[in-house]
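Have the coordinates open while you read.

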Amino acid sequence: MSDTMNSLVPLPVLLPLLGAGAALMLSKRPQAQRAVTFGVLVAIVVIAAFLLVAADRHGPQVVWLGGWTDIGIALVADRLAALMLLVSAVVTLAVLAYSIGQGMTGDEAETPVSIYHPTFLVLVAGVSNAFLAGDLFNLFVSFEMLLFSSYVLLTLGGTATRIRAGTIYVVINVVSSMLFLVSLAAVYAAVGTLNMAQISQRVAELPDSVSLTLQLLLLVTFSIKAAVFPLSLWLPDSYPTAPAPVTAVFAGLLTKVGVYAIIRLQTLMFPDSPLTDLLLWVALATMLIGILGAIAQSDIKRMLSFTLVSHIGYMIFGIALATGAGLSGAIFYVAHHITIQTALFLVVGLIERRAGSTALLRLGGLARLAPVLGVLFFIPAMNLAGIPPLSGFLGKVGLLQAGLAEGSFAAIVLVAGGTLTSLLTLYAVAKTWALAFWRSPAQAHEMMRALPGEQDPAAEAGSATPHMVRHRGHVHVGSVAFGESDLDDARRVADDDSSDKDLYQLIQEDALPQHLPYWMTVPAAGLVAVSLAITVVAGPLFAYTDRAATDLLDGTPYLSAVLGEDAP
Amino acid sequence: MDVNLTLVIVCAALVGCGVYLLLERSLTRVLVGLVLLSNGVNIMFLVASGRAGTSPLVGSSDPEDMADPLPQALVLTAIVITLGTIAFLLAMAHRSWQINGNDDVQDDTEDAAIRKLAYDDATSDSYGLTTDGQHEDDPEEDGAV
């Protein structure tokens, strides 16, 4: 039993890589390409489910690649890794179905369609590898795999906005990769191994100052990936410009890979140094500053990107407590948040399809225009805000209880901060709901015209050549004086992908699609259903994350599975 | 563990220059900065591997005298990855030059708009729109649907 399960461990990495090769060869035959990609992802969901059961019943499943026990590269699927693998597989499957329904991110004619599927599969391989890696260098390589495919996906089509956003994203991530390499060199110099289980054993012998330096180096590296404040500023800048399914999968998975790495770092490699106070304050700043940013946004995609940053704070909160309840809550929250954030971004993609824009100023009356869309947005939005009885509420309750049980001053402040963040999230999504779904399009049109400095877009249609105070493309804002029309121009340039008309005008001109695209709606609805299912199975899931957290804090199951009998 | 001071100094110099260039606006300079930075980091791996020794082939010499082969393998992997990244960044710099006529990293206009609002001490675009009295009982409310 255990042996057959063992051989499944490398498959979530191997299958998508082989599939990527096959999909690349099939680039002339889109149907076959889709079938390959879809088949691979379905297979990974099944394998991940088997691994979850195996890891739960028989302990961590370990494979030493090439049979080089103790000196080779280990892949480990313990309870935490298997759960992450399953959730990410389900989410990527839904996103893939959505993007097939969208006609292959076909929002631009010039998008090189044939590379989408192979790149997506490499991304999946990178994410799976990151969850399974038992070796720090393997973790680095999987980060590079997923980052590289994310560079390509983010800049699909090479339009001006995507290149701008992509530049920031690529440079930030390359810097964090360099930092990761620096940490790897330092770790290797200090302990002579990069296997996480071996590091865990040897780190105790290091002087405190050395091990703290190593831990902080790795923590900063992973915090950039996870978008923890103050290392989160790149995220809302780069995510919203990508095609909807790409943003969805990034928002769902990439930051969570960073959170997963932080969990491993804090529990497996440096269990004796939880850094509780530091992480608690960082978590508080992430939550509050993220959500305040979200409130200031006037575009749904950007609003959601800021809530994404904000809710990373909850996970860091749970990790910082370093108690069983805290970790369990954090793991539950990661699983919940992956599905919910992806679902929301998919729904926003639908809004963009149906109403031609995601700018709140232009939208209105969607609840009447497309009731299904209203339901699909409302459920995950309320879930994000943590309204009972949805899973967001349960996850937050778990975390807040863990914080109260910890009982220190910082933890109590964090409980208050978490509650406040939850309320502010409700405010942000309720504002979106009121503006985009409840007021009528005519109202929206009137209000937009009433904005100071905003003329009727129809009156100047055609003559709208944005002219900005720019110096080699920089908008000068800050202590420097602004040009007369900077703000209007910025508003217009900010979504120059869409037309300049608001929803009211589009309805008047009958320029909108009459129905939601069926094959995009079904996957989005499926993912919303999965998020509801998490609510239904919350009891067993919490029991599972409790067991996973106990494993993590104990450490022995992981260490003895990887190192054999000679583990402590 | 023996540490080669020359390597440490070279590494520090490369990383320092790399970080300086990374802070530039022009993507090409950022690119050069990355090349320097990654070379510095690779040298750091050589520092981490300890004293140089004989080639690590089984049976060719006493294992005590051999150089540590693992950091070299890691450096090779890192070099390959950096090569790919640099190529991609070059392509992006070229594309940016095609679109904008320069390869400067651009500001985010949406951010600029919000910063301008803060500078003017104005409310956000969507603030108070629904509570705006003059629109509350708009007779056109249902007209458009």
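Predicted model: local features only at pLDDT ≥ 70, side-chain atom pairs only at ≥ 80, totals over all residues.

1. Let's start with Ala189(A): buried or partly exposed? Ala189(A) counts as partly exposed, because 19 C-beta neighbours lie inside 10 Å and being buried takes 20 or more. Its place is in helix α7 of chain A, which runs over residues 160-191.

2. A quick overview of chain A. Its secondary structure comes to 24 helices and 4 strands. Of its 568 residues, 60% count as buried. Looking at contacts between residues at least 6 apart in sequence, 78% join residues at least 24 apart.

3. Next, the pair α4(A) and α11(A). Two packed helices are described by the angle between their axes and the distance between the axes. Here helix α4 (residues 79-101) and helix α11 (residues 244-269) of chain A have axes that come within 9 Å and cross at roughly 170 degrees. That crossing makes α4(A) roughly antiparallel to α11(A), because angles over 145 degrees fall in that class.

4. Who touches whom there? On the α4(A) side the contact residues are Leu80(A), Met84(A), Ser88(A), Val91(A), Thr92(A), Val95(A), Tyr98(A) and Ser99(A). On the α11(A) side they are Pro245(A), Ala248(A), Val249(A), Gly252(A), Leu253(A), Tyr260(A) and Ile263(A). Sorted by class, this contact has 11 nonpolar and 4 polar residues, and no charged ones.

5. The strands deserve a look too. Strand β1 (residues 61-64) and β2(A) pair in the antiparallel sense over 4 bridges. One bridge to pick out: Trp64(A) has Ala74(A) in β2(A) as its partner. Strand β2 covers residues 74-77 of chain A, with Ala74(A) and Val76(A) pointing one way and Leu75(A) and Ala77(A) the other. Both sets are buried.

6. Helix α9(A) has 19 residues, so at 1.5 Å a residue it should span 27 Å; the end C-alpha atoms are 26 Å apart, which agrees. Its buried residues include Leu214(A), Gln215(A), Leu218(A), Phe222(A) and Lys225(A). The buried residues of α9(A) pack against α6 (136-154), α7, α11 and α13 of chain A. Just after the helix, Ala227(A) takes a positive phi of about 60 degrees.

7. Helix α22 (residues 518-536) of chain A gives a similar check: 19 residues at 1.5 Å each should span 27 Å, and the end C-alpha atoms sit 26 Å apart, which agrees. Buried residues in α22(A) include Met520(A), Pro523(A), Leu527(A), Val528(A) and Ile534(A). What covers them includes α4, α14 (324-355), α16 (371-385), α17 (391-406) and α23 (538-554) of chain A.

8. Two cis peptide bonds to inspect. One joins Phe229(A) and Pro230(A), with omega about 5 degrees, and Pro230(A) is found in the loop between α9 (208-226) and α10 (235-238) of chain A. Another joins Pro388(A) and Pro389(A), with omega about 0 degrees; Pro389(A) lies in the loop between α16 and α17 of chain A.

9. Now for backbone angles at residues other than glycine. Leu275(A) has a positive phi of about 50 degrees and is found in the loop between α11 and α12 (276-296) of chain A. Leu275(A) is partly exposed, with 17 other C-beta atoms within 10 Å. Ala322(A) has a positive phi of about 55 degrees and is found in the loop between α13 (300-321) and α14 of chain A. Ala322(A) is also partly exposed, with 19 other C-beta atoms within 10 Å.

10. Finally, chain B. Its helix α2 (residues 27-48) has 22 residues, so at 1.5 Å a residue it should span 32 Å, and the end C-alpha atoms are 31 Å apart, which agrees. The helix is mostly covered, with 16 of its 22 residues buried. Just after α2(B), Gly50(B) takes a positive phi of about 85 degrees.

Conventions:
Residues numbered from 1 in each chain as written. Chains lettered and ligands numbered in written order. Axes fitted to C-alpha atoms, helices over the stretch in contact; angles between N-to-C directions. Helix = DSSP H or I, 4+ residues; strand = E, 2+ residues; numbered from the N terminus. Parallel < 35°, antiparallel > 145°, perpendicular 65-115°, else oblique. Contact = placed C-beta atoms within 7 Å. Nonpolar A, V, L, I, M, F, W, Y, C, P; charged D, E, K, R; others polar. Buried ≥ 20, exposed ≤ 12 C-beta atoms within 10 Å, placed from the backbone. Pairing = 2+ DSSP bridges. Expected span 1.5 Å × (residues − 1).
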